[in-house]
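Me: I'm new to reading protein structures, and I'd like to know how the words we use are backed up by values. Could you go through one with me?

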Amino acid sequence: PFLLNQRQMSLILNLDQTIAHIITMLEYEIQYELVSYHLKECLENLSQLTGKSISEAAMDRIFKDFCVGK
């Protein structure tokens, strides 16, 4: 029911895949540093999704379609 742009949808799909991967990892005996790394990736995606932070690559994707006035 929410309107999403392609960048937001991509972040949500990436977040979903990362969480699914973490759940799979937790089913086996693993090093928790790996889980921590993937959790950090989730937090970064959430921060970008909510606008708390944004990467340079995301800024490039957002503004690539804007035309700077002449």
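Reply: Happy to! This is a predicted model. Let's start with Leu-15: leaving aside its neighbours within four places in sequence, it is in contact with Cys-42, Asn-45 and Leu-46.

Me: What makes those residues count as contacts of Leu-15?

Reply: The test is a distance: contact means heavy atoms within 4.5 Å. Cys-42, Asn-45 and Leu-46 are listed as contacts of Leu-15 once neighbours within four places in sequence are set aside.

Me: Let's take Asn-45 from that list. Why is Asn-45 called buried?

Reply: Buried means under 20% relative accessible area. Asn-45 has a relative accessibility of 9%, so it counts as buried. This residue lies in helix H2, and it touches Leu-11, Asn-14 and Leu-15, not counting residues up to four places away in sequence.

Me: Which residues does Ile-22 touch, not counting residues up to four places away in sequence?

Reply: They are Val-35, His-38, Leu-39 and Cys-42. As for Ser-36, it is 14 residues from Ile-22 along the chain, and their C-alpha atoms are separated by 9.3 Å.

Me: What makes up the largest nonpolar core?

Reply: It has 5 residues in all: Leu-15, Ile-22, Met-25, Val-35 and Cys-42. The elements giving two or more residues to this core are H1 and helix H2 (32-50). H1 supplies the largest share, 3 residues.

Me: What makes a group of residues a nonpolar core?

Reply: Its members must be buried, belong to a set of residue types that includes Leu, Ile, Met, Val and Cys, and be joined through side-chain atoms within 4.5 Å.

Me: Now the whole chain, please. How many helices and strands are there?

Reply: There are 3 helices and 0 strands, and from the N terminus on the elements run α-α-α. Of the chain's 70 residues, 17% count as buried.

Me: What share of the contacts with a separation of 6 or more comes from residues 24 or more positions apart?

Reply: That share is 46%.

Terms used: Residues are numbered from 1 along each chain as its sequence is written. This is a predicted model: local features need pLDDT of at least 70, side-chain atom pairs count only at pLDDT 80 or more; totals for chains, interfaces and linings use all residues. Side-chain values use heavy atoms; hydrogens and water are left out. Buried means under 20% relative accessible area, exposed over 50%, partly exposed in between (1.4 Å probe, protein chains only). Helices (H or I, at least four residues) and strands (E, at least two) are DSSP runs, numbered from the N terminus.
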